[in-house]
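Colleague: I'd like to go through this structure with you before I set anything up. Can you put it on the screen?

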Amino acid sequence: MSTPAPDPTGARASPPAGRAAAPREPVDYGKIDRRSVRRRACGMTHPEAAAALEEAELQQHMGRHREDPAGDECGRVEVAEWARIVRLLAPAGGAYAPDIDAVVQDELAADAEGERAMQPEDGKRGQEEEAEAVRRTARAPGVLRHALLRTLASTGLLDSLGEDEQAAVNRLPDSDPAAALVVNALLARAHEAGPGSRPGAAS
């Protein structure tokens, strides 16, 4: 099977019909076109940039009757960017470089700020997901059952449990994980407080 030739009008290919595109943020084609012009302009002097502007204007004029609106927009963006670079080089002379282009530097700063703004949100989301995973693990029946048995052992009650009591301890994490958490916390608190903290205990 032969590979289709690229579209000479510069139109951007659409995704094949019937294939669902993956969700993603909208693509800023204007920014892509401007950056393409800047890459080509690097090292150009004012006369060279002016010649490139004339060529871009000619290409836009030749393709003005094409039916592809995306291609028309691409041509307009490129012409406007070449014209801006020509104006930038006119008084300064020398060769074009992004380092001397205030517009480029402002865009880079805005992109960096946008990335920094996204980082706290991503970090917060990651912390929430981690906390939820910890909560799910803590409520797993096997984990709860082990915690209850460990707490009962620390209180000295585990060896004195009857069969019915042992069966209830084994069933509780499966039947009511929230209740098992509460019971385990209460047992631990009562053991830590000691018998002297009970109401009515002798002082």
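Colleague: How much accessible surface does the protein have, and what share belongs to carbon and sulfur atoms?

Modeller: In this predicted model, the accessible surface of the protein comes to about 14,500 Å², and 57% of that area belongs to carbon and sulfur atoms.

Colleague: And what percentage of the residues count as buried?

Modeller: The protein has 203 residues, of which 19% count as buried.

Colleague: OK, what about secondary structure, how many helices and how many strands?

Modeller: There are seven helices and zero strands, so that reading from the N terminus the order of elements is simply α-α-α-α-α-α-α.

Colleague: Among contacts between residues at least 6 apart in sequence, what share joins residues at least 24 apart?

Modeller: That share is 67% for this protein.

Colleague: Let's look at helix packing. At what angle do α5 and α6 cross?

Modeller: Helix α5, which covers residues 141–155, crosses α6 at roughly 145 degrees, and the two axes come within 7 Å. The crossing of α5 and α6 is right-handed.

Colleague: Which residues make that contact?

Modeller: From α5 the contact takes P141, L144, R145, L148, L149 and L152, while α6 supplies Q166, V169, N170, P173 and D174.

Colleague: Switching topic, where is V104, and is V104 buried or exposed?

Modeller: V104 lies in helix α4, which spans residues 102–138. Its relative accessible area is 8%, and since buried means under 20%, V104 counts as buried.

Colleague: What is V104 in contact with, leaving aside neighbours within four places in sequence?

Modeller: With those neighbours set aside, V104 is in contact with R38, R84, Y96 and P98.

Colleague: And how far is V104 from R34?

Modeller: V104 and R34 are 70 residues apart in sequence, and their C-alpha to C-alpha separation in space is 9.8 Å.

Technical notes: Residues numbered from 1 in each chain as written. Predicted model: local features only at pLDDT ≥ 70, side-chain atom pairs only at ≥ 80, totals over all residues. Heavy atoms only, no water. Helix = DSSP H or I, 4+ residues; strand = E, 2+ residues; numbered from the N terminus. Buried < 20%, exposed > 50% of the residue type's maximum accessible area, 1.4 Å probe, protein only. Contact = heavy atoms within 4.5 Å. Areas by Shrake-Rupley, 256 points an atom, 1.4 Å probe, with all protein chains shown as cover. Axes fitted to C-alpha atoms, helices over the stretch in contact; angles between N-to-C directions. Left-handed = near helix turned anticlockwise from the far one by under 90°.
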